[in-house]
Amino acid sequence: MIARELCRYEGRFALLEKESFSGFGVSKANPCMLHSPLMFPSGPLRTRLSHNAAARYQKIANELDVVFKAVDEIFLAFDSDHLAKLNAARAWAHDNNVSAGHVIIGPEKMRQIEPNASKKAIGALYGKGVSGGIYATEWTFALTENAMQNGLDLYLNSAVTDIKCKGDFDFEVITPGGRFKTCYIINAAGLFVDEIAKMVGDSDIQLALTKGTMLILDKCASNLIGNMVYGTYGKDHSELVTPTAHGNLLIGLGHFITPAHKADTAVSRDKLMEVLQMGKKLVPAISDKDVITAFAGIRSENNMAAGGDFYIDHSKTAAGVIHAAIGSPGLTAAPAIAEHLITLLAAAGMRLEKKKSFNPNRIGWRRFETATVMEKHRLIESNSKYGHIVCRCEQVSAAEVLEAIHRGADTMDAVKHLTRAGMGRCQGGFCGISVLNYLAQAQGVDPDQVTKKGLGSNQITSPSKKMIAKPIRYC
């Protein structure tokens with residue numbers, strides 16, 4: 001978001017990404033749903049930046065040709081005390097001018113909206129059209145691609161190992177692939193924002209990390225609910241069942257635990273069962289058999305801002321550096337955070353001249369699964385590769401896989417996150433070998449050189465035989 005916003009202005013901008021693909025860090029490991037300010041009443045900055053997020057995302061989705069799924073928000077109450085807290089949250093939002101029209105509804109109205117919600121709920125707080133879902137990795141790719149169309153230089157596999165401060169507004173950023181001289185640095189390094197801050201002398205920024213678990217259900221369960229359904233939530237836990245942007249249901253996040261380290265995204269069986277039971281509490285019709293995969297995400301809270309607020313401010317020691325320590329709800333606030341950072345750059349003295357040639361629009365590619373029957377016929381007539389289904393679970397065609405590869409997806413996970421090949425019930429059991437061979441052919445390498453998500457993650461560990469996929473024929 002920040003990189004794209006910067007490209008509206010004249011200048012030379014670079015995005016240094018330590019992963020092999022944009023969005024492979026903390027961005028992809030979250031529910032990918034927008035939250036209303038009701039969930040985060042403490043912290044004035046994050047409350048302000050999260051307001052009207054759905055409208056911002058809808059506008060950007062239209063520009064970038066990516067999926068945004070508008071949904072309503074329902075907070076279930078299972079006792080009178082909980083209902084009173086929800087009513088107090090509604091009143092707080094109204095008093096602080098961040099209300100989105102939430103109303104308290106009774107059990108009958110609640111079940112008209114969500115018939116499969118728990119019958120034990122005595123009422124709910126309901127917000128119509130206030131939320132929405134995206135797929136974060138798909139969005140980070142689209143945002144980066146559009147930024148590059150407008151002049152951004154992207155450097156993948158470029159973890160920052162050191163920053164040399166030669167003076168105010170004079171830095172040398174060191175990566176394994178080279179050195180970058182710059183006048184300004186925006187430290188938006190997610191879970192590593194504290195480490196980057198130390199490189200410029202701001203050693204006081206510290207992060208407290210917590211981990212939540214999420215389950216994805218098969219699309220056969222998609223009809224159970226149509227909106228974000230919350231139970232209780234707080235600093236230590238969250239109860240949520242929600243539709244995703246691409247049609248599955250997601251359950252999360254359970255009671256948060258402290259990860260062993262910043263890469264600790266392991267999911268234990270106990271945590272999986274805890275989150276599943278929590279989902280059944282909200283929507284009893286959920287079945288164990290509906291779960292197709294589980295993953296964990298790590299979120300952070302900084303020590304610089306009170307009440308869990310965002311810390312977005314100029315460095316105390318290095319003029320020209322701005323730190324952005326973002327916790328929940330960072331995804332919700334991302335568009336507004338980008339705009340806010342532009343104002344901070346201007347305050348730091350950066351000359352901001354609007355670029356007349358900036359083009360906010362990007363053209364994606366047509367997804368076979370969501371096309372109508374007539375559209376599918378036209379797609380196949382225009383490109384016969386749309387007629388070859390690579391991923392049966394998600395109805396992903398060879399045309400989509402090849403387009404993703406052509407536009408920069410060079411690993412198994414990159415193709416998966418852009419096309420959804422491998423994200424269905426079988427989790428790549430059938431389509432994985434085809435995707436692997438498409439990547440090998442496009443890169444001109446043997447299949448055993450293709451990686452899952454970059455250096456050191458080769459998909460085939462035994463290179464003794466080349467694996468050649470054979471096309472599947474259907475009657």
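Reader: Leaving aside its neighbours within four places in sequence, which residues is S118 in contact with?
Author: Keep in mind that this is a predicted model. Set aside whatever sits within four places of S118 in sequence, and there are still contacts to list. They are F78, M110, R111, K281, L282 and P284.

Reader: And where does S118 lie?
Author: Look for α5, which covers 107–113, and then for β4. S118 belongs to the loop between α5 and β4.

Reader: Does S118 count as buried or exposed?
Author: The cut-off for buried is under 20% relative accessible area. S118 has a relative accessibility of 4%, so it counts as buried.

Reader: Which residue has its backbone nitrogen 3.1 Å from a polar atom of the S118 side chain?
Author: Start from the side chain of S118 and pick out its polar atom. The backbone nitrogen lying 3.1 Å from that atom is the one of K120.

Reader: Moving on to α4, how far does it reach from its first C-alpha to its last?
Author: Helix α4 takes in residues 80–95, which makes 16 residues. At 1.5 Å a residue, the expected reach is 22 Å, and the model comes close to that. From first C-alpha to last, α4 reaches 22 Å.

Reader: Which residues of α4 are buried, and where do they sit around the axis?
Author: The buried ones are H82, L86, A89 and A93. They cover an arc of only 55° around the axis, so they end up on the same side of α4.

Reader: What covers those buried residues of α4, and what does the face turned away carry?
Author: The cover includes the strands β2 (69–77), β3 (103–105), β4 (123–133) and β11 (228–233). On the face turned away from the buried side you find the exposed residues S80, D81, H94 and D95.

Reader: Which residue's side-chain oxygen reaches to the backbone nitrogen of D81 at the start of α4?
Author: Go to the start of α4 and find the backbone nitrogen of D81. A side-chain oxygen comes to within 3.1 Å of that nitrogen, and it belongs to D79.

Reader: How many bridges join β7 to β8?
Author: β7 is made of residues 170–175 and runs antiparallel to β8. Across this pair, E172 stands opposite K181 in β8. The number of bridges joining β7 to β8 is five.

Technical notes. Residues are numbered from 1 along each chain as its sequence is written. This is a predicted model: local features need pLDDT of at least 70, side-chain atom pairs count only at pLDDT 80 or more; totals for chains, interfaces and linings use all residues. Side-chain values use heavy atoms; hydrogens and water are left out. Helices (H or I, at least four residues) and strands (E, at least two) are DSSP runs, numbered from the N terminus. The expected span of a helix is 1.5 Å times one less than its number of residues. Buried means under 20% relative accessible area, exposed over 50%, partly exposed in between (1.4 Å probe, protein chains only). The arc is that of the directions from the helix axis to the C-beta atoms. Contact means heavy atoms within 4.5 Å. A polar contact is a pair of N or O atoms within 3.5 Å; within protein, one must be able to donate a hydrogen and the other to accept it, and residues adjacent in sequence count only if both atoms are side-chain atoms. Two strands pair if DSSP finds at least two bridges between them.
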